[in-house]
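Please work through the following exercises with the sequence and the coordinates open beside you. Each task is followed by a solution that goes step by step.

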Amino acid sequence: MLNEWKKEASAADERDPLAAYQREFYFPEHVRVYLDGNSLGLLSHRAEAAVQQALEEWKTKAIGGWGDASPPWFHQAEQLGASAAALVGSLPHETIIAGSITSNLHQLLHTFYRPGAKRRKIVMEAGAFPTDHYAVTSLLRSCNQEDALVLVYPDEHHILHEEDIEAAVTDETALVLLPSVLYRTGQRLNMKQLTKHASDAGAVIGWDLAHSFGVMPHELHELEADFAVWCTYKYANSGPGGTAGLFVHEKHHHLTPALAGWFGSDKDVQFDMEETFTPAAGAGAFQQGTPPILSTAPLLGSLEMLLEAGIERIRAKSLQLTTLLRRGITLLPEEETKDLRIITPAEGTGGHLAVTHPYAAGICEALKKEGIIPDYREPNIIRLAPSPLTTSAADIVFTVETLHDILKKETYLQYKNERGSIA
Ligand SMILES: *Cc1c(COP(=O)(O)O)cnc(C)c1O
């Protein structure tokens, strides 16, 4: 069985239309397989060149770069937003590259949350990423609505059921905030069904695309999602703290940003330096201060690669690799894998596979020793993200064989079973 699986893997690599991209990335010394691109994507030569160009422009043009850098710094956020629109399925002016997930969440939550006497609840998943929890609870605190939070819990197998989310949305729900893909388990939610359900119930729905931006296609405009946020340093390889993105549906472009700043101004009047704010016509209105040009530069290179590779082909390869990984793990001998559990649902897989094991932290350390970089999450989760541009099917074979060896020899016992890597 394993032999057949290996043959299938090598056939997949031979037919892979995205194979050449792997050579465009830097792999740290001693790293053979990098499965942590859902936490921090690798640096590509193109992203590096884009940063060098930005530095050169600063060096040679100084203040002139706002008007004649390529693209002009003054328009970089809008231009990149229009390019990124293809990855989120938005109109060009519905997307802007700005801020961080956290700052964009605050901006959009404060803008969209308008509690009424009856309709004032916010529905989110109990396992949401901490920053999403903090943003929502601090918003509710600032509006004296601490009791308006409704959390939806997963079942005992870590699965979050769409029906449970739907049941939590009532005529008292003002806003629903959900992830496209759950950051721990890799479960993909049905965005179409949930967006429709929330909208039909009269609630605003916002999506956190942290774990799907750059690895899955989206249809934000078509679905009539109200708003969305995402970061670009995970599957979009923009580097640590790389500038994030946000989407606001066209139907909401009349809204005044709750947390206004001068870079959200209509560009024609921004330098009139008026005391009253004239917001830009599109999603650009939700920017705040001067855009971080140097932290955005890598995205110029990496976005070009994502668009060239094509998000449909990226998703197809991602599914092929996670399926291969799932099958490989399932084919290992029962006695060695009895404590290992794949918790990502087969019918709803995002970009990564999550497995649990009582010695998860030790297994991660043992994998790293062999040049494989996984991701550890408390208390017992190993996340394995085969980023499509930086991972091959042969890498998956090596990973499964190495994992098998670690489980068979119990080498994880040599490592302390405690906190692994950060973030
Ligand atoms: C990675 C991640 C974040 C990180 O937010 P930042 O503001 O970029 O630090 C937020 N939410 C989710 C779901 C994430 O996976």
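The model is predicted, so local features are reported only at pLDDT of at least 70 and side-chain atom pairs only at pLDDT 80 or more, whereas totals for chains, interfaces and linings use all residues. Residues are numbered from 1 along each chain as its sequence is written, and side-chain values use heavy atoms, with hydrogens and water left out.

**Exercise 1.** Determine how α4 and α10 are oriented towards each other, and which residues make the contact.

Solution. Helices are DSSP runs of H or I with at least four residues, strands are runs of E with at least two, and both are numbered from the N terminus. Helix α4 covers residues 76-88 and helix α10 covers residues 293-309; their axes lie 11 Å apart at an angle of about 30°. Such axes are lines fitted to C-alpha atoms, for helices over the stretch in contact, and the angles run from 0 to 180 degrees between N-to-C directions. Angles under 35 degrees count as roughly parallel, over 145 as roughly antiparallel, 65 to 115 as roughly perpendicular and the rest as oblique, and α4 is therefore roughly parallel to α10. On the α4 side the contact (heavy atoms within 4.5 Å) is made by Gln76, Leu80, Ser83, Ala84, Ala86 and Leu87, and on the α10 side by Ile293, Thr296, Leu299, Leu300, Leu303, Leu306 and Leu307. Sorted by class, this contact has 10 nonpolar, 3 polar and no charged residues, where Ala, Val, Leu, Ile, Met, Phe, Trp, Tyr, Cys and Pro count as nonpolar, Asp, Glu, Lys and Arg as charged, and the others, Gly among them, as polar.

**Exercise 2.** Classify the packing of α1 with α14 and that of α10 with α11.

Solution. Helix α1 (residues 2-15) and helix α14 (residues 393-409) have axes 8 Å apart and an angle of about 150°, which means that α1 is roughly antiparallel to α14. Trp5, Lys6, Ala9, Ala12 and Asp13 of α1 meet Ala393, Ala394, Ile396, Val397, Val400 and Glu401 of α14, and these residues divide into 8 nonpolar, no polar and 3 charged. For the second pair, the axes of α10 and helix α11 (residues 311-331) come within 6 Å and cross at roughly 80°, so α10 is roughly perpendicular to α11. Here Leu306, Glu308 and Ala309 of α10 are in contact with Ile311, Arg313 and Ile314 of α11, a set with 4 nonpolar, no polar and 2 charged residues.

**Exercise 3.** Is Asp226 buried or exposed, and which side chain does the side chain of Asp226 join in a polar contact?

Solution. Begin with the location: Asp226 is in the loop between α9 (220-223) and β7 (227-230). Buried means under 20% relative accessible area, exposed over 50% and partly exposed in between, with a 1.4 Å probe and protein chains only; Asp226, at 5%, therefore counts as buried. The partner is His252, whose side chain is joined to that of Asp226 by a polar contact of 2.6 Å. A polar contact is a pair of N or O atoms within 3.5 Å; within protein, one must be able to donate a hydrogen and the other to accept it, and residues adjacent in sequence count only if both atoms are side-chain atoms. His252 itself lies in the loop between β8 (245-248) and α10 and is buried at 14% relative accessibility. Beyond four places in sequence, His252 is in contact with Phe112 and Asp226, and Phe112 is also among the residues that Asp226 contacts.
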